[in-house]
Amino acid sequence: MYLPSSLSQLYCSVSVFSLTIFASLVTEGYQNLTTSFHLRCVLNDNGAACCYGITVGVLSFLQCILFLGFDVYDATVNSHKFKYAILVLDVTFSIVWTCLWFVGFCFLANQWNRSTHSYLLGSSAARASITFALLSIPCWVYLAYLAVKNLWAEPPIPYKRTLDEGSVALTTLSSSTTTSLPNNMGYPENVGAASYSSTPIPHRLTLMNTDD
C-alpha cells in the first residue's frame, strides 16, 4: 500500500477533526441575538473568522479523503513517476495545512476571546472549532515528517540511468560506424603520402686535381 498504517490512521484523525470544525461552525457558528433576527458569527461577530474555519476545514477534509483514496487504489498503480509525484504533493500539502491550521487556531482563539455578545447557542461550536484546530497542528506536523521520511526512502526517478545508457549506445554506434565505413571512393590507402624516386641523389661536391 502507498500509505503505512500509521499514516492512514493520522489522515483519518485529521479528516475527523476537519469535519468537526466546519460542521460545528456551519450548524451553530451563526446565531442571532434575542433582540434581532440577523445571524452573526459567534466569533466576535466576525464573519471572516467563521468563513476561514469553514473553508479550511472543508478543503482539509477533501484533501484527506483524496489521499486515503490514493491508499486504496495504490495497488493498481504501476507508474513510479505517479507515486513519486503523490509523495511530493503529500509533503507540500502537509506543510501547507500545518501553517493554515496554526493561523486558524490563533485567529479563531483571538476572535473568541474578544467576543462581547453572549448567544444562547454557539459557544460549544466556537470552543470545538478552536480545540480541534489546535489538535490538528501536531497531527499535520507529524504527517509532514512521515511524508518527508517516505519521500527520502522512495528511490528517485531513474533519469540518470537512462541518459547513461543512451550515451553508451551512441558512443558504440559512432565507433562501429567509423570502423566499418567502406572505402568506396577509390582512393589509395596512403593518399596523403608523396611518391619519391628511390634513386640516390649524387653528391654535388667533386675532388679537384692538384697536379699543378
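## Packing of α2 against α3

Helix α2 passes helix α3 in a left-handed crossing, a term for a near helix turned anticlockwise from the far one by less than a right angle. The two helices pack at an angle of about 155°, their axes lying 10 Å apart. Axes here are lines fitted to C-alpha atoms, for helices over the stretch in contact, and angles between N-to-C directions run from 0 to 180 degrees. The angle therefore makes α2 roughly antiparallel to α3, the class for angles over 145 degrees. The contact of α2 with α3 comprises 17 nonpolar, 5 polar and 1 charged residues. In this division, Ala, Val, Leu, Ile, Met, Phe, Trp, Tyr, Cys and Pro are nonpolar, Asp, Glu, Lys and Arg are charged, and the others, Gly among them, are polar.

## Basis of the model

The structure is a predicted model, in which local features need pLDDT of at least 70 and side-chain atom pairs count only at pLDDT 80 or more, while totals for chains, interfaces and linings use all residues. Residues are numbered from 1 along each chain as its sequence is written, and side-chain values use heavy atoms, with hydrogens and water left out.

## Overall architecture

The protein chain has 5 helices and 2 strands, arranged along the sequence in the pattern α-β-β-α-α-α-α. These elements are DSSP runs numbered from the N terminus: H or I of at least four residues for helices, E of at least two for strands.

Of the 212 residues of the protein chain, 29% count as buried; buried means under 20% relative accessible area, exposed means over 50%, and partly exposed lies in between, with a 1.4 Å probe and protein chains only. Among contacts in the protein chain with a separation of 6 or more, 80% are between residues 24 or more positions apart. A contact requires heavy atoms within 4.5 Å.

## Packing of α3 against α4

The axes of α3 (residues 80–113) and α4 (residues 123–153) come within 8 Å and cross at roughly 155°. This angle makes α3 roughly antiparallel to α4. Helix α3 passes α4 in a left-handed crossing. By class, the contact of α3 with α4 has 24 nonpolar, 6 polar and 2 charged residues.

## F107 in helix α3

F107 lies in helix α3 and is partly exposed, with a relative accessible area of 24%. Leaving aside neighbours within four places in sequence, F107 is in contact with N46, A48, A49 and Y52. F107 and A49 are 58 residues apart in sequence, with a C-alpha to C-alpha distance of 7.0 Å.

## The loop between β2 and α2

N44 is placed in the loop between β2 (40–41) and α2 (47–72), and D45 is also in the loop between β2 and α2. Most residues other than glycine have a negative phi. N44, however, has a positive phi near 60°, and D45 a positive phi of about 55°. N44 is partly exposed, at 23% relative accessible area.

## The salt bridge of D45

Side chains of opposite charge can pair when their charged atoms come close. The side chains of D45 and R40 meet in a salt bridge, with an N to O distance of 3.8 Å. The criterion is a side-chain nitrogen of Lys or Arg within 4 Å of a carboxyl oxygen of Asp or Glu, and by this rule the count comes to 1 salt bridge.

Notes: Parallel < 35°, antiparallel > 145°, perpendicular 65-115°, else oblique.
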